[in-house]
Amino acid sequence: MGARGFFRALAASKAGMIGAGLVALFVLLCAAAPLLPVPEPTQSNLRARLMPPTLSWDAIGAHPLGTDNIGRDMLSRILYGGQLTLAIGAAAVVLGGFVGVLLGILAGFRGGITDRILMRLVDIQLAFPLMLLALIVAAALGPSVRNLIIVLALTSWTRYARIVRGQTLALREREFVQSARAIAASPWRIMTRHILPNVMTPALVVATLELARVIILEAALSFLGLGVQPPWPSWGRMLAEGRTYMASAWWIAAFPGLAIMLTVLSVNLLGDWLRDYFDPKLR
Amino acid sequence: MSRFLAGRFGESALAVLGVVTIVFVVTRLLGDPAILMLPVGATPEQLASFRAELGIDRPLFTQYVDFLWDAARGDFGRSFQHNRAAFEVVLERMPATLQLAGSAIALGLIIGGGAGLIAAMNRGGVIEVFVMLLALLGQATPVFWLGLLLILFFAVDLGWFPTGGGGSFRHLVLPAVTLATFTSASIARLLRSSVIDVLREDYVRTARAKGLMPRTVVVWHIARNALIPVATMVGILAGELLGGSVVTETVFAWPGVGRVIVQAIEVKDFPVVQAGIMLIAITFVSINFVVDLLYGVLDPRIRLR
């Protein structure tokens, strides 16, 4: 399964290509926002309030996606909001993945009481609707970007832990791990050098699918006022702000929602394809 | 069977204990309730006396035991905004939430189940692509955004349904459809792949080979076996639904537990937040308990384990 085979398989799959292409496009556009000819996302212009979307580029200060209630450019807010949304999502997925992979390997490799305690913990957390867990932790910690990442990561680690544990259980019996044991490699060394590289692939698949889930959850929390605080735009936050103007200026809420939907859709397409490519059994 | 029951009951009880513990840990350790509940300018003396009043100046373990005891009796303290027992406040909102979540799951099973079955039976056709595309879209749409769009279109523009509130069937339609979208999409995707797996089984080929009517094969051989993974999924989806209902209820001003929780968070009415979250979590655990039993009915092999 070399890199070339990977890309050839990706090119052969329509869904995989669309997903990967759109994800790459969104990430590039959002990352390049400072280089694009758009105003600052927080720059308001009271004379250009609630301007509808327009396709005419010739007018000075044109706003292709319109402006919001205090005249901020929607396109710019979508792009910068995407930076924040994607960065929060990625940070949460990495943090949750780090904890989940670590504990998953530990549970699978150590077995016994460690395994039982950790897996019981996973079960208990899964007995708690994620949204409610996020809600109560966000409410207790108070809203901020850092807390949002912690909350999202907290809802996510269990999925990595389960799959990585299963993989580790299988790997533990494999010859290369047995040989490492035979030459008295320390458990730490076996876990980091022999098991970790072999569970990274399933963890990556989980991470992609989790990114989609976390983006939606972030939007919901921001919508409920427990996420990103103004004036910084995240897609969920923009949607919440646009709600008041839904009837008179549909574009304020419509575009961030569309952005979330397209991003989640393409991340899911990519994730599904990755899962099928690496291991159809993970379904 | 009775061993199976007892084991599942024990696990559910443990899950409830875990939930109580999480609520305790989150609300007592992560934030100081006194700082959260009192106004910003409160003096240290006021904070201290408030802590003593709440009993949170005592050792943690004592607090935990008391918390467990109170939770078991449904005593989460008095709500500040409603000035009566917090558990009462959330309990009377429960029927509305159950009505909404129940309608959504029924809609989800009918729409998603039908769509998944149709997609699997039309493998490789245009219908399958179309259904699966819709399902992907359904899974990617933020619940509250869909809710807002539906309100804008069907309530504001067309005026067919009220924009929010509860009390009648017409109030229920839009929130139920909103909440059912994600559920339908998930069920459709799962049932499709599960039916495709079952279609490959030997017993399906045997059933067809011995000349059973196609409908008999679909209902008794395919659907029954394909529903097993869906039954587990419904347990997981119940969590998504109960969580999603928090957002949906807020969007549609539906008078359920989720809305009460969000309102309580805004004014820092923590007893109500705790009582509401406990109530929903226990509902979720109970649903999963029932689903597990159902699982045993659908697949007798499970009971033997």
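Okay, let's start where the two chains meet: 38 residues of chain B are in contact with 33 residues of chain A. By contact I mean that the C-beta atoms of two residues, placed from the backbone, lie within 7 Å. Before going on, a quick word on the model: it is predicted, so to speak of a local feature we need pLDDT of at least 70, side-chain atom pairs count only at pLDDT 80 or more, and totals for chains, interfaces and linings use all residues. Residues are numbered from 1 along each chain as its sequence is written, while chains are lettered from A and ligands numbered from 1 in the order in which they are written.

Back to the interface. On chain B, the elements that give two or more residues to the side touching chain A are α1 (2-30), α7 (126-140), α8 (143-157), α11 (214-252), α12 (257-266) and α13 (270-298). Those labels are DSSP runs numbered from the N terminus: helices are H or I with at least four residues, strands are E with at least two. Which helix gives the most to that side? That's α1(B), with eight residues. By class, the chain B side has 28 nonpolar, ten polar and no charged residues. For the classes, Ala, Val, Leu, Ile, Met, Phe, Trp, Tyr, Cys and Pro count as nonpolar, Asp, Glu, Lys and Arg as charged, and the others, Gly among them, as polar.

Now chain A by itself. You'll find eleven helices and zero strands there. Its C-alpha trace spans about 75 × 45 × 30 Å along the principal axes. Of its 283 residues, 49% count as buried. Buried means 20 or more other C-beta atoms within 10 Å of a residue's own, exposed means 12 or fewer, and partly exposed is in between, again with C-beta atoms placed from the backbone. If you take contacts in chain A between residues at least 6 apart in sequence, 70% join residues at least 24 apart.

Let me show you two helix pairs in chain A. The axes are lines fitted to C-alpha atoms, for helices over the stretch in contact, and angles run from 0 to 180 degrees between N-to-C directions. On the wording, under 35 degrees is roughly parallel, over 145 roughly antiparallel, 65 to 115 roughly perpendicular, and the rest oblique. The crossing of α2(A) and α3(A) is left-handed. Left-handed means the near helix is turned anticlockwise from the far one by less than a right angle, and right-handed means clockwise. From α2(A), the contact uses A:Phe26, A:Val27, A:Leu29, A:Cys30 and A:Ala31, and from α3(A) it uses A:Leu79, A:Gly82, A:Gln83 and A:Leu86. That contact divides into seven nonpolar, two polar and no charged residues.

The second pair is α8 (residues 175-182) and α9 (residues 187-223) of chain A, which pack at about 155° with their axes 10 Å apart. That angle makes α8(A) roughly antiparallel to α9(A). Here the crossing is right-handed. A:Phe176, A:Val177, A:Ala180 and A:Arg181 of α8(A) meet A:Ile190, A:His194 and A:Ile195 of α9(A). In this contact there are five nonpolar residues, one polar and one charged.

On to chain B. Chain B has 14 helices and zero strands, and its C-alpha trace spans about 85 × 55 × 30 Å along its principal axes. Buried residues make up 41% of its 305 residues.

Chain B is divided into domain 1 (2-77) and domain 2 (94-304), with bounds that come from an automatic or database domain assignment. The two centres, taken over C-alpha atoms, are separated by 32 Å. Domain 1 puts 15 residues into the contact and domain 2 puts in 14. On the domain 1 side, α1 and α2 (33-37) of chain B each supply at least two residues, and α1(B) gives the most, with nine. That side divides into eleven nonpolar, three polar and one charged residue.

Is B:Ala185 buried or exposed? It's buried, because 25 other C-beta atoms lie within 10 Å. Leaving aside neighbours within four places in sequence, B:Ala185 is in contact with B:Gly112, B:Ala135, B:Gly138 and B:Gln139.
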